[in-house]
Amino acid sequence: MSATTNTAAKDVLSKVPAVTLSFWIIKILATTLGETGGDALSMSMNLGYLVSTGIFAGIFLIAVLTQIAAKKFHPFLYWTTIIATTTVGTTLADFVDRSLGIGYAGGTAILIVLLLASLFIWYRTLGSIAVSTVKSPKAEMFYWVTIMFSQTLGTALGDWTADTAGLGYTGGAIVFGTMLVAVAVAYYQTNISQTLLFWAAFILTRPLGAVVGDFLDKPIAKGGLNLSRYTASAVLLVLIIAGIFIFSQKPAKKGH
C-alpha cells in the first residue's frame, strides 16, 4: 500500500468534522440551543437542574457511546452529540452555580481547572490534542470529556459575565464575539499553534451561545427578548439541521 493510500485511509478514519466557517456557525447555533433547550427543561417544565441534568446526561452518554462505536464520521451523529454536551453543560453548570451555592465565579474556577487538566492528561497520554488525531476510542473519550467540561464552563462563564460582572447579555455577546474575532486574526496573522487557537475558539463559542440564548428567552426587564424557550429551541434546531444539509460536512484531515 502506498504512502498516499495510507494517508487517505487515515483521513477516512477521522471521526470529527473539518474546521471551517460553517463548523463555527453550526457550533454557535448548537451552543445557543444548549442554553435555550436546557432552560426549557429545567425552568419552563419545572424539572429543576438536578433532574434535567440526569436526563441530559443520559442522552449525552448514549450519544457519545454511539459516536465512539461508529466506524466513520457521521455529521448528524456528531452534531447530536455536541448538542447533548451543551444541554447537559447548561443544566449542570446551573446546578453547581445556583443549587449548590458555589456561585458563578467559584463554578467557573473549578471548571477551568477541570478543563485544563483534561487537555493536559490527553496531551500527556496521546501526545496530541489536535482534532485530526481523534480516530481511536481513547482519543474520542478525551475529546468528548474535554468538550463536556468546555460546554459546562461556557455556561458558568457566560452567566458570570452577564450577571456578576454586570455586562448584561448584549455586553457579554460583544465581549465573547470580540475575543473570537481576535482568535481568528491570530489564526491567520500569527504563528501561534493552530491547535491551541482551535480550543480557545471552541471554548469561547460556548459562553457566546450562553449569553445569546439568555438574551433570547430571558424577560425584557432583565435585558432579554422574552421569547418562548420552546420556540427559540425549535428555530435553532431547524437552523442547525439546515446548516448540516447546506454546508459540506467532511472529516478533519489536518491539525487545528
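In this predicted model, E140 and K15 are both buried. Their side chains meet in a salt bridge, with N and O 2.8 Å apart. Where do E140 and K15 lie? E140 belongs to helix α6, while K15 sits in the loop between α1 (3–13) and α2 (21–44), so this pair ties together parts of the chain that are 125 residues apart in sequence.

Helix α5 spans residues 103–126 and helix α6 spans residues 137–164; their axes come within 9 Å and cross at roughly 160°. Angles over 145 degrees count as roughly antiparallel, so α5 is roughly antiparallel to α6. The crossing of these two helices, α5 and α6, is left-handed. What kinds of residues make up the contact of α5 with α6? Sorted by class, there are 19 nonpolar residues, along with eight polar and three charged ones.

Back to the salt bridges: how many does the structure hold? There are eight, and another of them joins the side chains of K218 and D39, at 3.3 Å from N to O. This pair, too, links distant parts of the chain: K218 is in the loop between α8 (194–217) and α9 (229–246), D39 is in helix α2, and 179 residues separate them. Are these two partners buried or exposed? Both K218 and D39 are buried.

R229 forms a salt bridge with D217, and their closest N and O atoms are 3.7 Å apart. Because R229 lies in helix α9 and D217 in helix α8, the pair ties together parts that are twelve residues apart in sequence. R229 and D217 are buried as well.

As a last stop, pick out L50 and L180 on the model: they are 130 residues apart in sequence, and their C-alpha atoms are 31 Å apart in space.

Conventions. Residues are numbered from 1 along each chain as its sequence is written. This is a predicted model: local features need pLDDT of at least 70, side-chain atom pairs count only at pLDDT 80 or more; totals for chains, interfaces and linings use all residues. Side-chain values use heavy atoms; hydrogens and water are left out. Axes are lines fitted to C-alpha atoms, for helices over the stretch in contact, and angles run from 0 to 180 degrees between N-to-C directions. Helices (H or I, at least four residues) and strands (E, at least two) are DSSP runs, numbered from the N terminus. Angles under 35 degrees count as roughly parallel, over 145 as roughly antiparallel, 65 to 115 as roughly perpendicular and the rest as oblique. A crossing is left-handed if the near helix is turned anticlockwise from the far one by less than a right angle, and right-handed if clockwise. Ala, Val, Leu, Ile, Met, Phe, Trp, Tyr, Cys and Pro count as nonpolar, Asp, Glu, Lys and Arg as charged, and the others, Gly among them, as polar. A salt bridge is a side-chain nitrogen of Lys or Arg within 4 Å of a carboxyl oxygen of Asp or Glu. Buried means under 20% relative accessible area, exposed over 50%, partly exposed in between (1.4 Å probe, protein chains only).
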